[in-house]
Amino acid sequence: MKHFLVCLCLLETLLRASSTQCAVPASEFKLEGDYLIGGLFDVHHVNGPVHRVRPDTINCSSQPLILSSYRRFQLMRFAVEEINNSTNLLPNVSLGYQIFDHCSDTSNFPGIFDLISFNGSVQWRGESHKNLTEVIAVVGTYTSTATLSVAPLLMMDLIPVVSYGAASSIFSRKQIFPSFFRTVHPNKDVVEVIFNILEHFNWRWVAFLNIDNDYGKDGQELFRSKIKDSQICLAYSKGLNHYTNYSQVFKQIEAQRVNILIVFAPEWTAEALIESAIRLNVTNKVWIAGDAWALNKRLPKEKGVRNVGTVLGVAEPAQMIPGFSDFILSFKSHTQCGHEGQQPFCNQVCNCNSLSAEDIITADPSFSFPVYSAVYAIAHALHSVLQCGAGTCNDSTAVYPHMVLAELKKSNFTLLNQSIQFDKNGDPKFGSYSIIYWNHSGDAQEIGFYSFPPSFQFVINNTKIKWYTNGEVPTSVCSEQCPVGYAKKPDGIHMCCFTCQICPNGTYVNSTEDPYQCMACKETEWSAEGSSSCNLRLVEYIPFTDIGAILIMVGAWALVGITLAMSVLFAVNYNTPVVRSAGGPMCFLILGCLSLCSISVFFYFGKPTVSFCILRFLPFFLFYTVCISCFVVRSFQIVCVFKMAAKFPKLHSWWMKYHGQWLVITVAFVTQAIFLTIGYSSAPPRLYNETVWYPDKIILSCDFNLKACFGSIFILLSLCSLCFIFSYMGKDLPKNYNEAKAITFCLLLLILNWIIFATEYMLYRGKYIQTFNALAVLSSLYSFLLWYFIPKCYIIIFQPKKNTQQYFQGLIQNYTKTISQ
């Protein structure tokens, strides 16, 4: 049925052609020549769905005229005429054309069938030249959807199709479209330019409005892919068609607080959108026009268009085609059809008599050079196939479309100072884009450009733009940028929507690397609240030259000197009652252990090492255990002498016979040594950096495992408890005999000393805690040295009368009588 309608249409064309009154009725759509080029132009455009009740063809002339498309249509005619008049390109060979008004993307096929209906399809070997298809290549179509509809029909015979407007990505796939070329850049390049504009003005919150067809959907998909790893968010997207409710669209855009609208659509869709925005009083927006409508001539002069905001766009450079204006002026002067209805062609009726030459010349120049270069690319390919040169061509060569295809792939010629070449996908390797601004005079003013790699350049002159905000660049964000030191906390599905959260101490936010996370500083670094970087911590410890360290070490050496002097004094007076009552030989053990304990003090200063950490506690724990165990048995003996000897004479006799005091001391020492060995083996002390107490400092210290040290600490606490119990039991001993009281007092000082240190440790963790620890150790040693041994030295030196056997014997006898009574 369709083929029948095509034939019927062609027959009607021929019948009417013979009776037309026009001077050149057929010149616009058909030109005879040695080789034919097909042309598909949407001179008219179906503005909405076509409802048909029978299978008839669409009457294109009844649809709205697209002036810019008619201008492109004339450009093809001009290019063919220019080539035919050339002596260098295709000499002595004439090009003809057969152009069809392809006014519908999906329902207008007569022209396509006509182009491929000459003498069948693929040619068999041995067929003569005259039987070949007359059409060697096709220029068109304009829209991606139309190209998707018609291109497969032409791909079957490998008829080259050079499109001047189809920009969808799918046409770069050669396995599907092997004979497809285009002189317009694909959508990905337009999206790249739009992306650079958004980045240039720091716009992050945008809407994408596209025509609801293959071209628009491809653009939206490419845009989503492009911004996926950027800081730009697509707040709203919408496919536009004949049924779109623009009022609802703009309400949703306002609800999302979007100020940047990218419109990726052909001119007729963009016109409907902008006109709706004017009617609905949409204001204060930035519109970014795609290359299909950026150079629209009517909209910038539309009343009220200034109110919608600022319009920027991406466009093919408005390149002057030399001689085209003269061609239009000449053509219009020779075309004098009195009535449009007299024009003869089915789907090739222009209805353009009302157009003046000025209308055509000043129409939207978009895609003019792509049409011009497409015709020239085909001509140069045919030039190579015919082996033209020196003013002649080999007209005996049989020209197949696939031969033209092969030469098109090799295209490399200069046209209007541009090198015309195609890449392996059939996409152009030439051209650039202009960045335009609709100024207040109603013109599309060029304010910048984008040139493609390898000579990549992107330039925008901001001073040429008069923003609707009266000078300041409009903003479009979902959330305002966070202050320095604040991390973004996502709020919703879009990364552009967030709340700001200050980074706490010890963390920072790097806005260039990850603005959504407060990253922890290294252990050797610090940061204040709300930081964007970390600072090195100040490393602190107590050096040996510290005044406090020097005083404590002097005190330790003094303790050693005092214990040595006491040992000499006790040795000289060894057989005196005071020395014997103080412990006799046990005194030398206690004094020696106190001196050995003082070794620990020296390892609290200087830069800590593992060895220093071990020696801070090992000598103290080990030898102080001996000291305390000596005082335990000494206080026990005091109680025995005055109480147990009288009441439990056998127990006292057994204790004296088997030297119970030395047995207890030995057991305590060995047990502590075992616990220390086990503890240090299982969990030895390690270096520890205190970073919590001071945010800007590192306090070098030692870390001890409390579980590993528990046994050693328990032994010391147990011995101290026993010592206190036994010494307290002797509180009612003779007033002048105060050894038990002295031990009790020393223990109270010891307990108070470590309570004070524990309180300091909980309240303060600075570097001087090491000094306090060393002072606590030294105080523990001095508590026994000063309050237990010094009084006895005083008696020996200054009160020798009290250091006699008779004096002590009298004290014991008096106390025994008191107990007996």
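A pocket is an open set of grid points with protein on both sides within 12 Å along at least five of seven lines. In this predicted model, the second largest pocket holds about 1,000 Å³ of space, and the largest pocket holds about 1,200 Å³. The structure also has eight cavities of 30 Å³ or more, and a nonpolar patch on the surface includes F669.

**Largest pocket**
- The lining of the largest pocket is made up of 31 residues, and F617, I713, W754, F757 and N773 are the ones nearest its centre.
- Two or more lining residues come from each of α16 (610–647), β24 (686–690), β25 (697–703), α19 (706–729), α20 (739–763) and α21 (769–798).
- Helix α20 contributes the most to this lining, with seven residues.
- Sorted by class, the lining of the largest pocket has 23 nonpolar residues, four polar ones and four charged ones.

**Second largest pocket**
- Around the second largest pocket there are 38 lining residues, with H45, V46, N47, G48 and W268 nearest its centre.
- The elements giving two or more residues to this lining are α2 (67–84) and α8 (267–279).
- Helix α8 gives the most to the lining of the second largest pocket, namely seven residues.
- The lining of the second largest pocket consists of 15 nonpolar, 14 polar and nine charged residues.

**Cavities**
- The largest cavity contains about 110 Å³ of space.
- Among the residues that line the largest cavity are Y142, T143, S144, N213, Y215, D291 and F367.
- That lining has six nonpolar residues, four polar ones and one charged one.
- The second largest cavity contains about 90 Å³ of space.
- Residues lining the second largest cavity include T183, H185, E316, Q319, F369, Q418 and F430.
- By class, the lining of the second largest cavity has four nonpolar, six polar and one charged residues.

**Surface patch**
- F669, V670, I674 and I678 together form a nonpolar surface patch with about 340 Å² of accessible area.
- Of these residues, F669 belongs to helix α18, which spans residues 660–682.
- F669 counts as partly exposed because its relative accessible area is 32%, and partly exposed is the range between buried, under 20%, and exposed, over 50%.

Conventions:
Residues are numbered from 1 along each chain as its sequence is written. This is a predicted model: local features need pLDDT of at least 70, side-chain atom pairs count only at pLDDT 80 or more; totals for chains, interfaces and linings use all residues. Side-chain values use heavy atoms; hydrogens and water are left out. On a 1 Å grid over the protein atoms alone, a cavity is a set of points where a 1.4 Å probe fits but cannot get out, and a pocket is an open set with protein on both sides within 12 Å along at least five of seven lines; lining residues have an atom within 4 Å of a point. Grid points are joined across faces, edges and corners, and a volume is the space filled by probe spheres set on the points. Helices (H or I, at least four residues) and strands (E, at least two) are DSSP runs, numbered from the N terminus. Ala, Val, Leu, Ile, Met, Phe, Trp, Tyr, Cys and Pro count as nonpolar, Asp, Glu, Lys and Arg as charged, and the others, Gly among them, as polar. Patches are made of residues with over 30% relative accessible area and no salt bridge: like charges are joined within 9 Å, nonpolar side chains (Val, Leu, Ile, Met, Phe, Trp, Tyr) within 5 Å. Accessible areas come from the Shrake-Rupley method with a 1.4 Å probe; for residues, only the protein chains shown count as cover. A salt bridge is a side-chain nitrogen of Lys or Arg within 4 Å of a carboxyl oxygen of Asp or Glu. Buried means under 20% relative accessible area, exposed over 50%, partly exposed in between (1.4 Å probe, protein chains only).
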